[in-house]
Amino acid sequence: MTTDPEVFGKVDSGVANTNILWHGGRLLALEEGHQPFGMDPKTLESIGYQDFGGKVTAHPKEDPVSKDLVFFGYADAPTPFSPNISYGVMGADGVLKRRDTFEAPYCSMIHDFMVTGGHVLFPVLPLSGSMERAMKGLPPFAWEPEKPALVGVMARDAAVDTIRWFQTDACYVFHVMNAWDEDGKIVADVMKYAVAPLFPLADGSRGQQAGAYLVRWTFNLNDASDVIKEEPLDDLAGEFPRYDERFTFKANRHGWYSTQTAKPGDIRTNGLSHIDLTSRKRTDWVSNDGDAVSEPVFVPRSADTAEGDGWIVAVQYVAREARSDFVVFDAQAMDKGPLARAKMPRRVPLGFHGNWVGA
Ligand SMILES: [Fe+2]
């Protein structure tokens, strides 16, 4: 175990298992505790860690106009579980444009964040990290709902000492669908848990498990109140929200996510849904009992087709055959089930994220 105190910090614990990204001609495998790991895009040969000046989130956002990669790192320098967050921008030419560090109110596990054309938002939610706790043999990361639930907002080109902290009730967010600026407000659609899943309470006891639900957060920059406005968008538990990425930083109408129809809060997702955020109509597909379904990745039919016109691709674990299929859906008719299946001779281990890069 690379987290064993005997070897912690002395051996490379990187597994680069969380996300895969194509940026500026580089194929990068990402995991939030390390720098991005470069791979040869044709042979998948390892190239090695790429220098981003420190740890990088597995969820950086590429600006669709400048092609800059906007990212953060957390629980990083100078010591593990420090409350410091660093904000960085990597140019498409591979040259680091900025990396600035600020101190958050406490150390939180920050899996994903929000970026818009003008702003960057850092969630500091009460899934806290503590070296002191870890040294006592208690959980390094734990659900501490008595700590404030905060989101730090700053202009993308501003200094890190300009961050304004908004607040909400105790909750946790692993994944953001999309975020955009809208008339002095920032809108972000996120998968919100009332209780952080997978992690224990600070005393090591097991917490309550619940599912995540899609909600819309609005941050009014012209209002004196620092409270995040929240609106539920849907009532089916799920994870891995995605959208038509040609609408990055714009109000998107269509979204897709993996669903948990059998057991909300189960780490395995067993279905895929499309949600029309204008009509609020949802279209569902559910796999067979025992199967598991990956994140839905949207592929547009062509570069200039309408928003949401295209396919959803995913990996389905087919339990009764102990195999996996690569499945392709009509993105606007998820309830019809897969249009095509590429049958694989073996099981693909359950993973986290995937992305499509057209030839
Ligand atoms: Fe993730």
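S1 and S2 form a hairpin with two residues between them, and glycine 24 in the turn has a positive phi of about 55°. Strands here are DSSP runs of E of at least two residues, helices are runs of H or I of at least four, and both are numbered from the N terminus. The model is predicted: local features need pLDDT of at least 70, side-chain atom pairs count only at pLDDT 80 or more, and totals for chains, interfaces and linings use all residues. Residue numbers start from 1 along each chain as its sequence is written.

**The sheet**

- Four strands make an open sheet in the order S1-S2-S3-S4, with antiparallel pairing; two strands count as paired if DSSP finds at least two bridges between them.
- Strand S1 (19-23) and strand S4 (46-49) are the edge strands, each pairing on one side only.
- From one strand to the next the twist averages 30°, with axes fitted as lines to C-alpha atoms (for helices over the stretch in contact) and angles running from 0 to 180 degrees between N-to-C directions.
- Strands of a sheet pair through backbone hydrogen bonds, either parallel or antiparallel.

**Pairing around leucine 27**

- Five bridges link S1 and S2 in the antiparallel sense.
- Tryptophan 22 has leucine 27 in S2 as its bridge partner.
- Strand S2 (residues 26-30) is joined by three bridges to strand S3 (residues 37-39), and the two run antiparallel.
- Leucine 27 stands opposite methionine 39 in S3.

**Serine 46**

- Serine 46 lies in strand S4.
- Serine 46 is exposed because it has 12 other C-beta atoms within 10 Å; a residue is exposed at 12 or fewer such atoms, buried at 20 or more and partly exposed in between, with C-beta atoms placed from the backbone.
- The C-alpha atoms of serine 46 and alanine 29 are 9.9 Å apart in space, and the two residues are 17 residues apart in sequence.

**The whole chain**

- The C-alpha trace spans about 50 × 50 × 45 Å along its principal axes.
- Of the 359 residues in the chain, 39% are buried.
- Among contacts between residues at least 6 apart in sequence, 47% join residues at least 24 apart; a contact requires C-beta atoms, placed from the backbone, to lie within 7 Å.

Terms used
Two residues are in contact if their C-beta atoms, placed from the backbone, lie within 7 Å.
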